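The following note is intended for a colleague who is meeting this structure for the first time. Please read each point alongside the sequence and the model.

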Amino acid sequence: MGTMNPDEESAQPIRPTSRFRYNSPLVQVCLIGIVCFCCPGMFNALSGMGGGGQVNHEAANNANTALYTTFAIFGILGGGIYNLLGPQITLLCACSTYVLYAGAFLYYNHYQHQTFAIVAGGLLGVGAGLLWAAEGAIMTSYPPPNRKGTYISIFWSIFNMGGVIGGLIPFALNYNRGDDAASVNDGTYIGFMCFMSAGALLSLAVLPPRLVVRDDGSRCTLITYSNVTTEVIEIGKLFLNWRMLLLVPASWASNFFYTYQFNNVNAALFSLRTRGLNNVFYWGAQMLGSVGIGYLLDFSFQSRRKRGFLGIGVVALLGTAIWAGGLANQLNYTKPREVGLDFKDSGSAFAGPFVLYFSYGLLDAMFQSMVYWVIGALANDSETLSRYSGFYKGVQSAGGAVAWQIDSHNVSFLTQLIVNWALTTVSYPLLALLVMLAVKDNNKPEEGPPKDGALPSLDEAPGGVTKPN
């Protein structure tokens, strides 16, 4: 699992003096949150416009298919690459691909050639796989075990502020343009590129896990480096690990619904400028959702397992209600409106779909924060959690690739909604089973999975985990 060097200065005990010191988990989680604010946060705002800000969704759908296809591969490989390269090189390379992607749509605005956008989408999938594997490792392994929900909510709030600010950019720059505008203007893409470039530079400030010290003096890891052979073997084992198999439906569902929500709700129902405003509230709702579910997952019960069950139950009930509301809304239309609903001109007709879109954002954050909390409860060390997070993002992205192509093949809006609702519903009992079998009631989960990924033995207490040899 890597080599431990007792002579390393980083292995010496340190008594922390402040929670806000540079090498504290809180500061480092905030840093990765700001990096994600600038890069995937702005990407989310661009995607949330529907069609990448273009009236014709074909280029964006094809680019996103390429993106999520490569993302699926490098999401799974990303944990191993992160363990080999460390956070700074991994994140710098990853963030650079976001700048290229926004630039590709700036090019498309003038020349209407899809090739550059599709290639940039494929490269962004590589970068996104690396970034989210690094982010997952940092967010789940740096915090103290009993406050992972809180740190996840802090990260999610900072990250989604990027979507809020990013939503204001197209809203402000396209405010006076009519609904006959073909796409967002050049300034929108340039604004996104500036933020993404800043995120790439800021990624160099993120510390490797061996230099991060928790408030109790413990470190995120003492392993100084990994090697290719170890990472290949450990990544291969993920596909036989029963914990990861129980995560597959939730992982697949967690980006699958974006295509429907962005293209077939926001872009299909609203005017160009209102889409930007909607995204401000969509990503703002994510901040509220992450804080709420983070509180439940950390403070509702002393028992960690009970907190997990409560979180899953709350998200399941809320998700059922929101998707039911989505069904009621979807029965009112089968194709995009010729004249989009406008926040100033449409009166009460705007209110219902707007509240629904806001609720979709709320549910997204609660669902994904819940899944990250479960992943974080399965281990404590950065190396294991980077692979778990990479597996989650890889399967998630495979689902996203399929979803974008489903929309490209003009599958009905109603069918897409039903599939999304079914996928999220199936995932809840499987997550509850995972919490029951693999999450302990204390705050010291296993440092890694059993080497063979086998199920716990029958004579083990419920929730116990077989210790690795």
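1. The largest nonpolar core holds 119 residues, of which Y98, W132, F155, M196, Y360 and V371 touch the most other members. Such a core is a set of buried Ala, Val, Leu, Ile, Met, Phe, Trp, Tyr and Cys residues joined through side-chain atoms within 4.5 Å. Helix α12 (residues 348–376) is the main contributor to this core, giving 16 residues.

2. This is a predicted model, in which local features need pLDDT of at least 70, side-chain atom pairs count only at pLDDT 80 or more, and totals for chains, interfaces and linings use all residues. Residues are numbered from 1 along each chain as its sequence is written, and side-chain values use heavy atoms, with hydrogens and water left out.

3. Beyond its neighbours within four places in sequence, F155 is in contact (heavy atoms within 4.5 Å) with V29, I32, G33, C36, W132, E135 and M139.

4. The protein chain contains 14 helices and zero strands. Both are DSSP runs numbered from the N terminus: helices are H or I, at least four residues, and strands are E, at least two.

5. Of the 469 residues in the protein chain, 59% count as buried, that is, under 20% relative accessible area (1.4 Å probe, protein chains only). Among contacts with a separation of 6 or more, 85% join residues 24 or more positions apart.

6. The average pLDDT, the predictor's confidence in each residue from 0 to 100, is 83 for the protein chain. Over residues 1–11 the pLDDT is below 50; over residues 445–469 the pLDDT is also below 50.

Conventions: Buried means under 20% relative accessible area, exposed over 50%, partly exposed in between (1.4 Å probe, protein chains only).
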